[in-house]
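Hi everyone, thanks for coming. Please have a look at the structure on the screen, and then I'll walk you through a few parts of it.

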Amino acid sequence: MVAAGILLALIFLAALAPWLVTGASPFETNAALSLQPPSGAHIFGTDQSGRDVFARVVYGTRYSLAVGLGATALALVAGLILGLGAALGPRIVEGALSRLIDVLMSFPEFLLALLVIAVVGTGEANIPLAVALAAIPAYARVARSETVVVSQTGYIRAARSLGVHPIAVVWRHIIPNIVGPLLVMATIGVGTAIVTASGLSFLGLGPQPPTPEWGIMLSEGRNFLATAWWVGVFPGLAITATVIAISTVGRYFRSQSEVALS
Amino acid sequence: MSSPRVEISHLSVTFPGASAPAVNDVSFHIDAGECLALVGESGSGKTLTALSLLGLVPPEAAVSVGTRVVAGVNTRGFTEAKWRALRGNRVGLVSQDALVSLDPLREIGSEVGEVLELSRPRLPRDVIAQRVLDALELAGVPQPHYRSRQYPHELSGGLRQRALIASAIAGQPEVLIADEPTTALDSITQAHIFDLLAALKESGLALLLVSHDLGLVRQLADRIAVMREGAILECAPAAELLEAPQHSYTRELLNAVVTRQPARGTHAALIEGPPALSCLGLHRSYPDREGGFVEALRGVSFSVRAGTTMGIVGESGSGKSTLARILMALEKPNSGVVELAGEPWSLAPERSRRSRRGEIQLIEQNPYDALDPRWSVGRILQEAVNLDSSPGPAWVRRARVAELLDQVGLSTQLIGRRAHQLSGGQRQRVAIARALARRPSVLICDEPVSALDASVRAQILALLHSLQKSLGLTLVLISHDLGIIAHSSDEVLVMRHGEVIESGLRESVLNHPVHPFTQELLAASKSL
């Protein structure tokens, strides 16, 4: 847990101030130094254009983290609204939304993201949108079931019988009481979102080279795996480490909130 | 006389970090064919004492005991394996909540048979099946063949409790521990369960009855031990203890037993007033699993005069809570109308109804989910106070919150507390204060005290009473307990299977019941 926390802190530092972590530029090419193995000067080695892999991994953190956090926040809010609607709306809305969620749930998340990209087109800005849309059903379903449970409690009935406006009931009583599990889900969801986003750019559907993005770097490094493993392995390790760090910290928060509830 | 079936001396149980032991130097014995009742409030250590007879005290607790003879066996130095052989086989346990004590995924028959399979592994299947049916029959489960193939959720509360008793007696134990065996049940079912326990006692079983309610145990117990804060205050033959209690706490508990004595005269003049709340021909049904309908209410009509109390009594499942929600306009009736102060209520559109919602308020059974767990007491009351048409400046509203707390007998020091930091009685008081914040004219109380301890019950009922007097409230009191209804109602309505089977002034319903079900209810509550 502590190790994951430190790692996460480093990852955030790399995202916010990459220049503090590495002095090298992620874009500067040097044909003379192409595909150098890891050494003192280039600790992760250099790629086919002689760019410093470490610098590119560090600068790539910002993009991955931004997509992960942004897409998760988007999915959380949209899922919350959908879930509330599915639990509290009139029967026809309730039925329609629940079936919609069921249909979306039946597709693997990645496939759903691919579908969205296919519809809205490739590009840097569409990746978070696709990842968010793919993650919405999971949040919506949890939000719905939590809302159903909370809306049957005595304090919700009491608020309704006091004459509190329904919107105020939802805002003051329901949302604060269902948002806990969703936030915990989101901390773990950030990791998934990063993997999905990297996967999309690995397929060339996201930002284009030479942007320092982990998915692109993986896809470029794939061609040199036999001769220069470091070009592909280090961005891959970066994805793995980030996802594990975020998930571990997320699980910790979840166990804490479970202790608080019991 | 043979040696006692149970003998405990100097039993103490201490939890690590606790300042005082949870059970403190408790000694008692039970002979065969005898019933000892352990009585006390929740937290007095009575359940822990009972569990120690089964070696089921939580492992982190330190147990010290002089002698512990259970089912005639000295358990000194017992290993977990030996305890397992004892449990179910020679000592049966009937616990409080039959809904959570039965595995929802297993048929009743296999649940009851499990104890036999474990204790007598070589018994052939058909013998086990026969024993299971015998046990179910002995426990008073009708049609045991049919019931043994049902799942717990298909049974009513009373049948579940009987199935649980059947599983406890299937192994033909010599000692039976019944921990609050009837708390969740209505008075008729309670009486049946007590008859059953009495019959088992007659057959030579040693019975340990654990309850918070002195009124309940008196008909069954040969001796009663009163527990408080882990210690036995006094232990005496039942008649002696009830006639001449030695300890002041025992007297307090006895006073807390709600008697059927009327608390006040009927206000004949008030009964002539206009109806504060009335309903006509209420019907409500819910779809069930087989595609049919369950009729929760079948044509319920009554009216309540302003300033009086209407007591509604019925078994669990008679549609009482559905009625409460329809009266509150939280649910719509399929047909029929509710009028509040002579104006349409159930038929009014929600938009115009919302401003009038303060006039009618609800107190529910479960004080544990009545308060938003994230909110402090002050904020909960503040929310209700702010709904006033002219709430006034902040200091006026704060004063109103303090006034409300004072009205329900709570200290203003509780303002910063959250629900989980309050006791059940305190939570129910906060719920009442919140209802009063809107200055209602009608207060609907749906089983307001059934989740509370006996001594707290009397306090809450007295509070509702004095509030009615000082604020001129109209009360609709809903309960399965005729004692509570008889205690504080002007008029009584008896419900069964969603229908009103009898209604009238309290005196006439209680003294001259017409319907056989009312007579049965009365007989059941008199015997307690």
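**A walk through chains B and A**

Let's begin with helix H13 (residues 320–327) of chain B: six of its eight residues are buried, so this helix is largely enclosed by the rest of the structure. By buried I mean that 20 or more other C-beta atoms lie within 10 Å of the residue's own; with 12 or fewer a residue is exposed, and in between it is partly exposed, with C-beta atoms placed from the backbone. Helices (H or I, at least four residues) and strands (E, at least two) are DSSP runs, numbered from the N terminus.

Two housekeeping points before I go on. This is a predicted model, in which local features need pLDDT of at least 70 and side-chain atom pairs count only at pLDDT 80 or more, while totals for chains, interfaces and linings use all residues. Residues are numbered from 1 along each chain as its sequence is written, and chains are lettered from A and ligands numbered from 1 in the order in which they are written.

Back to H13(B). Which of its residues are buried? They are Lys320(B), Leu323(B), Ala324(B), Arg325(B), Ile326(B) and Leu327(B). After the helix comes Ala329(B), with a positive phi near 60°.

Now step back to chain B as a whole. It has 21 helices and 21 strands, and 45% of its 528 residues are buried. Take the contacts in chain B between residues at least 6 apart in sequence: 69% of them join residues at least 24 apart. Contact here means that the C-beta atoms of two residues, placed from the backbone, lie within 7 Å. Ser525(B) is 43 residues from Leu482(B) in sequence, yet their C-alpha atoms are 6.5 Å apart. Ser525(B) counts as buried because it has 22 C-beta neighbours inside 10 Å.

Next, the sheet. Chain B has an open sheet of six strands in the order S17-S18-S19-S14-S20-S21, with mixed pairing. Two strands pair if DSSP finds at least two bridges between them. Which strands stand at the edges? S17 and strand S21 (499–505) of chain B do, each with a single partner strand, so one side of each is left without a neighbour in the sheet. On average, neighbouring strands are turned by 15° against each other, direction ignored. At one end of the order, strand S20 (residues 491–496) of chain B pairs with S21(B) in the antiparallel sense over six bridges, and Val494(B) has Glu502(B) as its bridge partner in S21(B). Helix H17(B) packs on this sheet, touching S17 and strand S18 (442–446) of chain B, and its direction makes about 175° with that of S17(B). For angles like these, axes are lines fitted to C-alpha atoms, for helices over the stretch in contact, and angles run from 0 to 180 degrees between N-to-C directions.

There is also a hairpin in chain B. Strand S10 (residues 223–228) and strand S11 (residues 231–237) of chain B pair in the antiparallel sense over six bridges. Arg228(B) is bridged to Ala231(B) in S11(B). Two residues sit between the strands, and Glu229(B) takes a positive phi near 50°.

How many residues does each chain bring to the contact between them? Chain B gives 21 residues and chain A gives 13 residues. On the chain B side, strand S17 (360–363), helix H15 (377–385) and helix H17 (424–437) each supply at least two residues. That side divides into eight nonpolar, four polar and nine charged residues. In this scheme Ala, Val, Leu, Ile, Met, Phe, Trp, Tyr, Cys and Pro are nonpolar, Asp, Glu, Lys and Arg are charged, and the others, Gly among them, are polar.

Finally, chain A. The axes of helix H3 (residues 53–88) and helix H8 (residues 166–202) of chain A come within 7 Å and cross at roughly 145°. Their contact includes Ala71(A) and Ala75(A) of H3(A), and Ala186(A) and Gly189(A) of H8(A). By class, it has 14 nonpolar, five polar and no charged residues.

H3(A) also meets helix H1 (residues 2–16) of chain A, with axes within 7 Å and a crossing of roughly 95°. H1(A) and H3(A) are therefore roughly perpendicular to each other, a label for angles of 65 to 115 degrees, where under 35 is roughly parallel, over 145 roughly antiparallel and the rest oblique. Ile11(A), Ala14(A) and Ala15(A) of H1(A) touch Val58(A), Thr61(A), Arg62(A) and Leu65(A) of H3(A).
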